[in-house]
Amino acid sequence: MINRDMDIREKSIVLIGFMGVGKTTVGQLLAQKLNRSLVDIDQVIENDFGMPTTEIFNKYGESTFRKYEKETVISYCKQKWKIISVGGGAFLNEEVRKACLSNCLVVYLDIPWEEWKKRLHMLIDSRPVLQGRTLDEIRKLFDERQKIYATHHLKVTIDAKSAAEVADDIVDCLQSAWKIHP
Ligand SMILES: Nc1ncnc2c1ncn2[C@@H]1O[C@H](COP(=O)(O)OP(=O)(O)O)[C@@H](O)[C@H]1O
Ligand SMILES: O=C(O)C1=C[C@@H](OP(=O)(O)O)[C@@H](O)[C@H](O)C1
Ligand SMILES: [Mg+2]
């Protein structure tokens, strides 16, 4: 359900989906294509703490990260005209989900497990949530996380597409939504 209190084109676009699906990479391309600025929530948090996410988890714990993540997303999603890529765990929080869904257009980047598995080697060092887990445990997390992504406005399936192709697909999807809800 799209909240039509403001012009749908003004709404910021929030990218959600499992870690490694490409939210940050595609977000950059989408921002260029739509001439908007990108807010990568992990980047904002890392800049504020002056350290990478893994170090924030190690030094302050996941709950500190999640609290800061919640406040950061809720604050940015009130702004218009942005592309906002949120961390894959941000939608665990109900307040975050509600704030994004009511203020922004939420685009879910959906990736099949077999495709995602090919990216694991690129993610393991920088994603603390994956560290120390077996492949079976990661699969379980992947399946569990699908529930938190179930509420969204638009969905784009990734498959073996390049990041540029995904960005093009999102633009097509947005243009249809903008036409249907002028
Ligand atoms: N469509 C794609 N095809 C192949 N690799 C990709 C694609 N999109 C992103 N990547 C790569 O996957 C990794 C994770 O991408 P990233 O944008 O950081 O994902 P997220 O922000 O969702 O965690 C990076 O190494 C990135 O270069
Ligand atoms: O899914 C998660 O719990 C997390 C995803 C990461 O962001 P990406 O989804 O951009 O990888 C980052 O916020 C942190 O490592 C936790
Ligand atoms: Mg990211």
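Me: So a polar contact is a pair of N or O atoms within 3.5 Å. What else must hold within protein?

Reply: One atom must be able to donate a hydrogen and the other to accept it. Residues adjacent in sequence count only if both atoms are side-chain atoms.

Me: Good. What kind of model is this, and how are things numbered?

Reply: It is a predicted model, in which local features need pLDDT of at least 70 and side-chain atom pairs count only at pLDDT 80 or more, while totals for chains, interfaces and linings use all residues. Residues are numbered from 1 along each chain as its sequence is written, chains are lettered from A and ligands numbered from 1 in the order in which they are written, and side-chain values use heavy atoms, with hydrogens and water left out.

Me: Ligand 1, then. Which residues come closest?

Reply: Gly20, Lys23, Thr25, Arg127 and Lys161. In total, 15 residues surround ligand 1. A residue counts here if one of its heavy atoms lies within 4 Å of the molecule.

Me: What sits 2.9 Å from an oxygen atom of ligand 1?

Reply: An N or O atom in the side chain of Thr24. An N or O backbone atom of Gly20 is 2.7 Å from a ligand 1 oxygen, and a polar backbone atom of Gly22 is 3.0 Å from one.

Me: How much of ligand 1 does the protein cover?

Reply: On its own, ligand 1 has 560 Å² of accessible area, and the protein covers 74% of that. Such areas come from the Shrake-Rupley method with a 1.4 Å probe; for residues, only the protein chains shown count as cover.

Me: Where does UniProt put a "binding site" in the set with Gly20?

Reply: An unreviewed UniProt entry lists Gly20, Val21, Gly22, Lys23, Thr24, Thr25 and Arg127. The lining of the largest pocket takes in Gly20, Val21, Gly22, Lys23, Thr24, Thr25 and Arg127 from that set. UniProt positions use the numbering here, feature names are shortened, and annotations may be inferred rather than shown by experiment.

Me: What's a pocket?

Reply: On a 1 Å grid over the protein atoms alone, a pocket is an open set of points where a 1.4 Å probe fits, with protein on both sides within 12 Å along at least five of seven lines. Lining residues have an atom within 4 Å of a point.

Me: Is Gly22 buried or exposed?

Reply: Buried, because its relative accessible area is 15% and buried means under 20%. Exposed means over 50%, and partly exposed is in between (1.4 Å probe, protein chains only). Thr25 is partly exposed at 43%.

Me: Where are Gly22 and Thr25?

Reply: Gly22 is in the loop between β1 (13–16) and α1 (23–34). Thr25 is in helix α1. Helices (H or I, at least four residues) and strands (E, at least two) are DSSP runs, numbered from the N terminus.

Me: New topic. Which residues come nearest to ligand 2?

Reply: Lys23, Asp42, Arg66, Gly88 and Arg127, out of 14 around ligand 2. A side-chain N or O atom of Lys23 is 2.6 Å from a ligand 2 oxygen. For a backbone N or O atom of Gly88, that distance is 2.7 Å. For one of Gly89, it is 3.1 Å.

Me: Where else does UniProt place a "binding site"?

Reply: At Asp42, Arg66, Gly88 and Arg145, again from an unreviewed entry. The largest pocket's lining takes in Asp42, Arg66, Gly88 and Arg145 from this set.

Me: What does Gly88 touch?

Reply: Setting aside neighbours within four places in sequence, Gly88 contacts Gly17, Met19, Lys23, Arg145, Ile148 and Tyr149. Contact means heavy atoms within 4.5 Å. Gly88 is buried at 11%. Its backbone oxygen lies 3.2 Å from a polar side-chain atom of Arg145. Arg145 is in helix α8 and is buried at 5%.

Me: And why does Tyr149 count as buried?

Reply: Because its relative accessibility is 1%. Tyr149 sits in the loop between α8 (135–145) and β5 (154–157). A polar atom of its side chain is 3.4 Å from the backbone oxygen of Gly17.

Me: How far apart are Tyr149 and Phe18?

Reply: They are 131 residues apart in sequence, but 8.5 Å apart in space, C-alpha to C-alpha.

Me: Last one. What caps α5?

Reply: Asn93, at the N-terminal end. A side-chain oxygen of Asn93 lies 2.8 Å from the backbone nitrogen of Glu95.
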